[in-house]
Amino acid sequence: MKHVRTTLLAAAGSAAALLLSACGGESGTAAPAGPTGTTEAPATAEPSAAESSAASPAGDATKPGTELKVGDRAVVPFKYGTTKSGTIAITVTAIDKGANADLAKYGDKAKGITPYYLRASIENVDGADLSYASVSLRALGTDGRSTGVIITGSTDQCKSGTAPKEFAAPGAKFETCTLQGAREGSEVAAATFDKGDGYDKAPIVWKN
């Protein structure tokens, strides 16, 4: 199931803007549950932000800042909207380079932009009801920084997927694609997940 909205594509340092048709809703990660119980042991230092964010109610979550290869699976606490939360696994399956012609319908506003398609498989880990949720990724250039181009949208070559109604059981899966971009002459070298406490400061990174 797909939902359509519109959003803006802008290149850093440029006044050019590209209006794209976007799919899905906004999503983020939920802060993991803290430890329970009490202890009489002397107080110890607080855990680091990365250690705290790595805790997951449904099992071992992937720590913020982890670097993976395309094809590897990351488990993360996840929140969608204000009422749905659970644990999902994200597997980036491909980082595909498109052609500027793929953006032809946007006319001159897409000039100088090469689209990239971050393809992923999303799995429900703990069986929480996450129906109709969506997950998005971001691209990094070869220097490990943002490409300077922000796109939220879809093309015929890259359709953003939304979780089906049945995405409410352990092992349920759906496929999605996040449209990203780079200036001609630059490349996308990695995909990142950066939603939620911990991951926003230290994203999970997938590289080819």
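**Packing, sheets and single residues**

Biologist: Which residues does isoleucine 90 touch, leaving out those up to four places away in sequence?
Modeller: Isoleucine 90 touches Asp72, Arg73, Ala74, Val76, Ala120, Ser121, Ile122, Val135, Leu137, Phe193 and Trp206. Contact here means heavy atoms within 4.5 Å.

Biologist: Before we continue, what are the ground rules for this model?
Modeller: This is a predicted model, in which local features need pLDDT of at least 70 and side-chain atom pairs count only at pLDDT 80 or more, while totals for chains, interfaces and linings use all residues. Residues are numbered from 1 along each chain as its sequence is written, and side-chain values use heavy atoms, with hydrogens and water left out.

Biologist: Which residues touch the most other members of the largest nonpolar core?
Modeller: Ile88, Ile90, Ile122, Leu137, Phe193 and Trp206 do, in a core of 31 residues. A nonpolar core is a set of buried Ala, Val, Leu, Ile, Met, Phe, Trp, Tyr and Cys residues joined through side-chain atoms within 4.5 Å. Buried means under 20% relative accessible area, exposed over 50% and partly exposed in between, with a 1.4 Å probe and protein chains only.

Biologist: Which elements give two or more residues to this core?
Modeller: They are E4, strand E5 (84-97), E6, E9, strand E10 (188-193) and strand E11 (204-207). Helices (H or I, at least four residues) and strands (E, at least two) are DSSP runs, numbered from the N terminus. A second, separate core has ten residues, including Leu103, Ala110, Val149 and Cys158.

Biologist: Now the sheets. In what order do E4, E5, E6 and E9 lie?
Modeller: These four strands form an open, antiparallel sheet in the order E4-E5-E6-E9. Its edge strands are E4 (73-80) and E9 (173-183), each pairing on one side only. Two strands pair if DSSP finds at least two bridges between them. The twist from one strand to the next averages 40 degrees. Such angles run from 0 to 180 degrees between N-to-C directions, and the axes are lines fitted to C-alpha atoms, for helices over the stretch in contact.

Biologist: How many bridges join E6 and E9?
Modeller: Strand E6 (residues 113-124) pairs with E9 over eleven bridges, in the antiparallel sense. Isoleucine 122 stands opposite phenylalanine 174 in E9.

Biologist: And what is the order of the sheet with mixed pairing?
Modeller: That open sheet of four strands runs E3-E11-E10-E7. Strands E3 (67-69) and E7 (138-141) stand at the edges with a single partner strand each, so one side of each has no neighbour in the sheet. E3 and E11 run parallel and are joined by three bridges, with glutamate 67 opposite valine 205 in E11.

Biologist: Back to side chains. How many aromatic pairs are there?
Modeller: The structure holds two. The ring centres of phenylalanine 167 and phenylalanine 174 are 5.1 Å apart and their planes stand at 85 degrees, so this pair is edge-to-face. Rings of Phe, Tyr and Trp (its six-membered ring) pair if their centres lie within 6.5 Å; planes under 30 degrees apart count as stacked, over 60 as edge-to-face and the rest as tilted.

Biologist: Is glutamine 180 buried or exposed?
Modeller: Glutamine 180 counts as buried, at 5% relative accessibility. Its place is in strand E9. A polar atom of the glutamine 180 side chain lies 2.9 Å from the backbone nitrogen of alanine 139.

Biologist: Last one: where is tyrosine 132?
Modeller: Tyrosine 132 is in the loop between E6 and E7. Its phi is near 70 degrees, a positive value in a residue other than glycine. Most residues other than glycine have a negative phi. Tyrosine 132 is partly exposed, with a relative accessible area of 31%.

Key. A polar contact is a pair of N or O atoms within 3.5 Å; within protein, one must be able to donate a hydrogen and the other to accept it, and residues adjacent in sequence count only if both atoms are side-chain atoms.
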